[in-house]
Every structure is written in structure tokens, then in C-alpha cells.
Amino acid sequence: MIFGSVAVLFGLTSCDDFLNDNRFPQSSISQTPDFYESEANVQGQTNRFYTDYTGYGNSTSYGAYGMSFLSDDQCGRQSFANWTYTNATASISAFTSPYTEIRGANLIIDGVGKAAFGATAAGKNYIAMARLHRARQYYYLVKYFGDVPYIDYVLDTDSPELYGPRTPRNEVMDNVVADLNYAIENLSLQSNKGAFCKDLASAIKTEVCLFEGTFAKYIEGDNSRAQQYLQMAVAAGEEIAGRYPIGSSIDSYWAIYNTLNTGLNSNSEIIWCRTYSQGLAMHSTIDYTNATDGVGGMTKDAFDSFLFLDGKPLASTSYDTNDKGKLVDYKDAAGNDINSGVTINISDLLAVRDQRLSMCIYDYVFWTGTTWNAPNANGLASSTGYGIKKYNNFSIAQADAQVANKNYTSCPLYWGAKLYVEIAEAKAELGTLTDQDVATYLNPLYARAGLPSQTVSSLSSINDPANNMGVSSLIWEVRRCRRCELMYDGFRFFDLIRWKQLDKMDQNQYPNTRIGANISAWLEEGNDYRNDNGYILSWPDVRNFNNTPASGSPWGLPREYFYPIPTGQIDLNPALTQNPGWAS
């Protein structure tokens with residue numbers, strides 16, 4: 001089954017609570033005793049799993065890419081003022097929706113396991129798909145909520161688990177790994193960029209084990225568990241890494257995010273992708289990240305994280321560190337005026353930086369009241385002046401690029417660069433990263449970005465004064481590479497969680513997370529867009545985390561490392577209990 005052709009759904013109950021999604025098996029699809037004897041029926045059920053990989057989003061819905069407002073990488077849009085939840089609420093889809101998917105997976109595991117062909121390679125392949133899907137759902141639940149009820153079979157109406165307590169996260173995650181191991185062993189395909197396969201399961205296992213290993217190390221202080229999971233991350237990643245080499249030019253970085261239609265299926269760096277097709281299955285990510293009402297732009301903190309071409313950070317580079325840009329006329333490539341007035345060009349600033357930066361942002365600064373026209377998108381504005389260029393394929397006409405549900409670039413889901421930084425990070429955390437590892441997993445990324453090669457010693461000796469996470473220079477630089485490589489891709493918030501660094505979103509303590517481009521060259525007087533040093537202030541205090549109504553305290557409190565358990569669920573089942581710090 002290939003992405004873009006998903007049509008058959010589970011037909012599960014739509015009730016939005018854990019109890020109802022699990023207590024009424026008769027609410028599911030009509031199944032005769034021999035339903036799972038038919039491979040066609042089973043295939044129809046497993047097709048539903050593909051819709052869980054949202055990529056750039058479905059139609060007008062949001063995807064994860066370009067929408068990382070809840071991090072120190074982007075300052076949110078006008079409507080974003082506080083964290084998603086400032087108080088516990090009755091219903092949270094991030095808690096209830098995965099259980100619908102888990103029930104569907106359990107139905108397949110149970111049904112195929114009892115079918116005549118269940119013990120065959122074909123039967124095990126379908127069970128492996130379901131267990132892979134179940135593993136991802138529990139991984140999401142644990143990331144958001146910590147301890148959650150673990151259910152691995154189809155419940156009856158009187159099953160005591162319906163009213164049971166939350167299962168400890170360590171037990172849940174151990175079961176997640178068991179499901180992933182089964183999937184790696186029993187999926188029939190080794191690799192396939194659009195169908196469930198062994199390499200996808202290994203890539204997911206690498207991500208899951210890195211998350212759990214670093215969470216155990218920094219949040220739980222459990223070094224034994226951290227070692228166990230980080231070693232599993234390395235083993236899973238190294239098993240497949242050689243099959244997904246990194247491209248040699250910055251154009252290959254651009255292609256990961258901007259290939260049209262089915263083109264990513266032939267990209268050797270892609271492990272798994274979601275295919276969009278013009279006129280068939282489309283998304284809105286280009287439109288939403290190139291909007292006339294303004295986008296959440298890159299912060300100065302994120303901008304400054306990109307190294308200079310000498311491989312040095314802002315504090316020690318040999319390059320000119322001026323960040324003011326040049327005041328220039330608006331002109332197109334042919335030299336024609338495309339707007340009245342002037343703007344600030346930062347192409348010279350980008351030319352001396354890690355080339356991934358120039359792939360992420362435009363070489364012009366634009367903000368509210370001073371918009372700019374991209375080659376296929378007009379009237380752009382950004383909260384910080386830095387626009388989101390990363391997902392905009394300029395060959396798409398404006399009539400498609402700047403219109404919701406008209407975008408048809410395909411989306412990377414698991415790919416070589418993501419895998420490489422995960423392996424490097426796991427090894428750095430284990431203390432086993434070698435020069436050969438740096439040469440294999442980091443230097444290809446540096447080379448593509450126009451940066452010099454590094455060694456363990458050279459990374460360890462950078463000693464960037466900006467390192468505010470209390471880790472070694474080596475780990476800081478590996479984290480920097482991950483941040484820059486995956487900028488805007490939706491990973492940063494949970495990276496800060498697993499590293500126990502949510503306080504870095506405290507905008508009073510770290511003011512560079514709420515300012516953007518330097519517009520000192522702008523001559524207009526009397527505007528509200530810059531601070532005393534000439535840097536754009538994101539739409540005035542749009543993301544004032546420090547005045548969160550529920551706590552009145554800075555970010556980084558223990559409660560903020562987990563979402564609240566929905567109070568409606570606790571009302572139905574008091575054994576669930578609430579996460580610390582969240583009043584029910």
C-alpha cells in the first residue's frame with residue numbers, strides 16, 4: 001500500500017473518550033467470525049494506519065512542519081499567547097485519539113492471530129504492521145502524558161482494565177520496544193519509501209530509544225536505563241544507516257522538503273515519505289508558512305545557532321559578525337521594482353553562515369507593515385522579520401503556493417539526515433562517539449552545509465559561551481547540528497523536554513527567543529517593531545510564557561514536562577489520577 005491511495009477506514013466508534021473507545025466492541029466494523037480469514041479484509045484495515053502519518057497535513061489541516069511555535073526556534077503568530085494548556089481540561093484529543101488507533105491495532109493482532117493464515121509469513125506481516133502502529137501510539141501517549149493505561153488486547157464490556165490505573169511509563173515503553181522488535185523481524189519488506197517495511201520500523205525504533213534514553217538520563221536520573229535505551233538506538237540506527245546516504249550539495253537538502261508529487265520515492269536519502277499529488281492529495285504547508293497575515297518567524301536565538309563557514313560560532317568566528325543587513329530597493333531578479341519602498345537585504349549575512357540557514361529563511365527581512373514578495377508568494381510578513389523559505393518550491397505557481405489545499409510537495413517522514421543526527425547524539429550521550437563516527441554521521445551534514453569537517457577533539461574544543469544547557473561542548477555541538485538540520489521540522493519542543501531544558505523558553509531569562517532580525521538600518525521613525533538595540537520584537541509579547549495564568553511562574557516547572565490528564569477521563573475513572581501540578 002502506497003501513501004496517497006488510502007481510502008479504507010477502520011469504522012471505529014467516534015466517541016471521544018478512552019472508556020467508550022475500548023468498552024464497545026460491537027460499535028466497530030461488522031465482523032463475521034471469518035472476517036480475518038480474508039487477507040483483503042485485513043489489508044483494508046491496515047490501510048487506515050497510513051493516515052496517522054500526517055506529514056505536511058491533510059487538505060487544510062496543519063502538519064508538524066513549519067509550525068514549531070512552542071519552542072525557542074519560532075515566535076508564534078498573533079493568536080498564540082500561551083501554552084496549549086494553562087489548566088487541565090475535560091477532553092484532550094492527544095489522549096483519546098491514540099486509543100482509537102490502539103483498539104484498531106489490537107483488533108487486527110487478535111483477529112489475524114486467530115485466523116488460519118495467522119502463523120504464516122503473510123499473517124505475521126499484518127500483525128507486524130499493527131504492532132508497529134500500536135507502538136507509535138503509545139510512544140506519543142508517553143511523550144505527552146507519561147504514565148498511561150497500557151492495553152494490548154481487545155477489551156470486553158466488563159474488562160477491569162477499563163477502570164484500571166495508569167501503567168508506569170517504563171513498562172509502557174518496554175512494550176513499545178517489544179512491538180518494534182516484532183515489526184523489524186516480521187515485516188515482509190526490507191525497505192520501501194511508501195509501504196510499511198523493516199527499515200521504517202528500525203528508524204522509528206532509533207527515534208523512540210533516543211527519546212527514552214535521554215529522558216531516563218536527564219529527567220529520571222536512571223543511568224542504567226539510559227545506557228540500555230541509547231545502545232538500542234545506536235544498534236537500530238546503524239543497522240540501516242548505510243542504505244540512506246547524505247547528498248553532497250545543499251541542493252540535496254532543499255530537495256528533501258521541496259520535491260513535487262512522487263519525486264521523493266527516488267531520493268536515496270529518504271527512508272519513508274508521504275506522497276502528495278497535484279489535484280489528488282494536497283496540503284497547505286507552503287501557504288501557511290508564506291502567509292499575508294504573518295507567520296511565526298525564526299528567533300534570533302535560532303539564527304545565532306547556525307555556525308559560520310569557518311566552523312565557529314558567533315563568539316569565536318573569524319568572519320564579520322555584523323547582523324544589520326543592507327537597506328535596498330525592492331527589485332526582482334531582472335532589476336525591476338516589485339514593490340514601492342525599500343527593505344533590508346541579509347544575503348551577505350547568510351553567505352558566511354551554514355548554508356542550511358539560507359535554505360530556511362529568505363534573504364530579505366519583512367514584518368507587519370513592511371511586507372515582501374517571494375517569487376511565488378506576495379505580501380509576506382513575519383513575526384521576527386525572518387520568513388520561512390524552507391518548504392516553498394518556487395516552481396509552484398502563486399495560485400497554488402499561496403492557496404490552502406493546493407500545495408503538492410511531498411513530505412519526508414524518516415530520512416538519512418534525521419537518522420544520522422540521532423545516532424551521533426546517542427553515541428555522544430553514551431560517551432562512545434569516535435572520530436570515525438563523526439566522519440560517518442556528522443561530517444556529511446557539515447559538508448552539505450558548506451562547513452569544515454570536524455573530529456571529536458575539534459567539537460570538544462569549540463566551547464561555545466552560548467552553551468547554556470550544562471552539557472559538554474561535544475554534546476552541545478551535536479545538539480546544534482540536530483537543531484540546524486531539523487529546523488522548523490517539529491522536533492524541538494520534545495527535544496527540550498527530553499533534555500530537561502524547557503526553561504530555555506522563558507523569554508525574560510532568554511530574550512533572544514522573542515526577538516528577530518536587526519532592522520537598525522530601517523529609517524522610519526515611530527514604529528513599535530524594534531527594541532532599543534534595533535531587533536524586531538515579535539508581535540508585542542504574543543508569546544508571554546512568563547505570565548501563564550495557571551502558574552504565574554517561569555517556564556521549566558515540573559508540570560510542564562507533561563500534558564494534563566483530561567479531567568473528563570478522571571471523572572469516569574478516578575484510578576487514572578492527574579499529573580503533578582495540574583489541578584483536576
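Guide: Helices (H or I, at least four residues) and strands (E, at least two) are DSSP runs, numbered from the N terminus. By that count, this protein chain has 19 helices and 10 strands. The model is predicted, so local features need pLDDT of at least 70 and side-chain atom pairs count only at pLDDT 80 or more, while totals for chains, interfaces and linings use all residues. Residues are numbered from 1 along each chain as its sequence is written, and side-chain values use heavy atoms, with hydrogens and water left out.

Visitor: What follows just after helix 6?

Guide: G221 stands there, with a positive phi of about 65 degrees.

Visitor: Why is N463 counted as exposed?

Guide: Its relative accessibility is 52%, and N463 therefore counts as exposed. N463 lies in the loop between helix 16 (456-460) and helix 17 (473-485), and its phi is near 50 degrees, a positive value in a residue other than glycine.

Visitor: Why is T577 called partly exposed?

Guide: The relative accessible area of T577 is 42%, so T577 is partly exposed. T577 is placed in the segment after helix 19 (567-572), and its phi is near 65 degrees, again positive in a residue other than glycine.

Visitor: How do you know that the span of helix 4 agrees with its 25 residues?

Guide: The expected span is 1.5 Å times one less than the number of residues. For helix 4 this gives 36 Å, and its end C-alpha atoms are 36 Å apart, so the two agree. Helix 6 (residues 198-220) reaches 31 Å from its first C-alpha to its last, close to the 33 Å expected.

Visitor: What makes a set of residues a nonpolar core?

Guide: Such a core is a set of buried Ala, Val, Leu, Ile, Met, Phe, Trp, Tyr and Cys residues joined through side-chain atoms within 4.5 Å. The largest here has 153 residues, and those with the most contacts inside it are L132, Y138, F196, M298 and I361. Helix 4 (residues 121-145) gives the largest share of this core, 12 residues. A second, separate core of seven residues includes Y362, W372, A374 and A377.

Visitor: Which residues does F196 touch?

Guide: Contact means heavy atoms within 4.5 Å. Not counting residues up to four places away in sequence, F196 touches T46, F49, Y50, Y53, M129, L132, L187, L189 and W272. One of these, T46, belongs to helix 2 (residues 39-46), where V42, G44, Q45 and T46 are buried. Helix 3 (93-114) and helix 4 are among what covers the buried residues of helix 2.

Visitor: How many of the contacts with a separation of 6 or more join residues 24 or more positions apart?

Guide: Such residues account for 71% of those contacts in the protein chain.

Notes. Buried < 20%, exposed > 50% of the residue type's maximum accessible area, 1.4 Å probe, protein only.
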